[in-house]
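We will go through it step by step, from charged pairs to the whole chain and then to its rings.

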Amino acid sequence: MLRVPPTWHGSLVIGAHGGSGGDAVDRSGKVYATSETALDDVIGDYAFTNGFAYASVDRDGIGGTRSGYALTMEFAELAKREVRLRASRSGGTASSPTRMYIVGLSAGGGITRMIAEGMPTPFDGALIIAGAGGDVITRMDRQQRMAALWPLIDPRPHAGLSDRDPKVVSYSEAIGTPVAARRLWPYTGASAANAARATGPVENSTAKPSIPTIEVVGTWDDLVIREVRAYRDRVEPKDRHRLYQVEGVWHMSGDDDGVQGFQYTAESRMKLGKDVADAMGESPSYIPMVREAFDYLVRWAEKGTAPPASQTVKPNQKLR
């Protein structure tokens, strides 16, 4: 999918969706779209409305791997050529986009991280949302600790444990989210043992972005928060990276239509409680922060105006 606005500013945004692609489903399991449109409500529509060409492809079965990276890079080149062709057909100047930006969420955020660290890269700036691939050592530590601790606090056999129970507190420390986020824990906790047993070659990020890179993540995101924070601590040069954390937001905003797929998986496939799926949809929004971060990224790449320092904000709060 490629959209070029009537008044095009000359820049192209490539969106890299989460997961491995395929059909997008609502909470009942009904198909309503494909992953090609997954980022439209988060950033695609916003970029298009503000004069950016926007393109995204359904990776249909390919996740946040090197194969996903290669496919995204190939798609970006195709999109760039198509923009040039459309400009020529409409009587405009047959020129390639002056700048390209990559925006990725979750597994697509992991692909975006690889692209940002690539040298050379055709992109001028990267925006990572709840991105995978932050720090493999931290991820492995989290998975091992979750596998050991989750069976001790799983609400199905251990109903009624207090939030102050030492085992609950230890689990909170292991995954990096506060006890207040406890309703959401079963989604990752239920698969903790399988994640800890995963084997095979592991590639860590370099933590050396070659282009301006901004990350947005929720403080209740128990899928990636510890790894993202570890990446922030490792990253070099420091002045090429920003991390903006939004308080109380899970891996998906409650207002992101993509959360419905997580709800369907949790409730219908994993047989978790309705309360877990409800909690996913009640998460505050990080979409305003994503769009503000995008604006800062563009000014950073095009005018050299550095964005605000890394910080944590409340939902709908502007950066300071």
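A salt bridge, as the word is used here, is a side-chain nitrogen of Lys or Arg within 4 Å of a carboxyl oxygen of Asp or Glu. The model you see is a predicted one, and a search of the whole structure turns up 20 salt bridges. Side chains of opposite charge can pair when their charged atoms come close.

Let us visit a few of these pairs. The side chains of Arg 66 and Glu 203 meet in a salt bridge, at 2.7 Å from N to O. Arg 66 lies in helix H2 (residues 66-89), while Glu 203 sits in the loop between helix H7 (192-197) and strand S8 (213-218), so this pair ties together parts that are 137 residues apart in sequence. How open to the outside are these two partners? Arg 66 has a relative accessible area of 40%, so it counts as partly exposed; residues are called exposed over 50% and buried under 20%. Glu 203, at 52% relative accessibility, therefore counts as exposed.

Another bridge joins Arg 183 and Asp 275, whose closest N and O atoms are 3.0 Å apart. Here Arg 183 lies in the loop between H5 and helix H6 (185-189) and Asp 275 in helix H10 (residues 274-281), so the bridge ties together parts that are 92 residues apart in sequence. Arg 183 is partly exposed, with a relative accessible area of 36%, and Asp 275 is partly exposed too, at 41%. Salt bridges can also share partners: in this way Arg 27, Glu 267, Lys 274 and Asp 278 are joined into one network.

Lys 167 and Asp 165 make a further salt bridge, with 3.3 Å between the closest N and O atoms. Lys 167 is partly exposed, at 33% relative accessibility. Asp 165, by contrast, has a relative accessible area of 15%, which is under 20%, so it counts as buried.

Now step back and look at the whole chain. Its secondary structure comes to eleven helices and ten strands. The radius of gyration is 20 Å, close to the 20 Å that the globule rule gives for 320 residues, so the chain is as compact as a globular protein of that length. Along its principal axes, the C-alpha trace spans about 70 × 45 × 40 Å. Of the 320 residues, 52% count as buried. The accessible surface comes to about 13,800 Å², and 52% of that surface belongs to carbon and sulfur atoms. Among contacts between residues at least 6 apart in sequence, 76% join residues at least 24 apart.

Next come the aromatic rings. A pair of aromatic rings is described by the distance of the centres and the angle of the planes. With centres required to lie within 6.5 Å, the count comes to eight aromatic pairs. Why is the pair of Phe 52 and Tyr 101 edge-to-face? The ring centres of Phe 52 and Tyr 101 are 6.3 Å apart and the planes stand at 75°, so the pair is edge-to-face, a label that asks for an angle over 60 degrees. This pair links distant parts of the chain, 49 residues apart: Phe 52 is in the loop between helix H1 (40-49) and strand S5 (53-56), and Tyr 101 is in strand S6 (residues 99-105). Together with Phe 294, they form one aromatic cluster.

A second pair, Trp 150 and Tyr 171, is tilted, with 5.4 Å from centre to centre and 50° between the planes. Trp 150 is in helix H4 (residues 136-153) and Tyr 171 in helix H5 (residues 166-175), 21 residues apart. Trp 150 and Tyr 171 are both buried.

Rings and charges also meet. Arg 66, already seen in a salt bridge with Glu 203, lies over the face of Tyr 69, at 5.1 Å from the ring centre. Arg 3 lies over the face of Phe 48, at 4.9 Å from the ring centre.

Arg 3 leads us to one last stop, Asp 40, which touches Met 1, Arg 3, Asp 45 and Tyr 54, leaving aside residues up to four places away in sequence. Asp 40 is found in helix H1, and at 14% relative accessibility it counts as buried.

How values were computed
Residues numbered from 1 in each chain as written. Predicted model: local features only at pLDDT ≥ 70, side-chain atom pairs only at ≥ 80, totals over all residues. Heavy atoms only, no water. Phe/Tyr/Trp six-rings, centres within 6.5 Å; stacked < 30°, edge-to-face > 60°. Helix = DSSP H or I, 4+ residues; strand = E, 2+ residues; numbered from the N terminus. Buried < 20%, exposed > 50% of the residue type's maximum accessible area, 1.4 Å probe, protein only. Lys NZ or Arg CZ within 6 Å of the ring centre and 35° of its normal. Rg over C-alpha atoms; globule rule 2.2 N^0.38 Å. Contact = heavy atoms within 4.5 Å. Areas by Shrake-Rupley, 256 points an atom, 1.4 Å probe, with all protein chains shown as cover.
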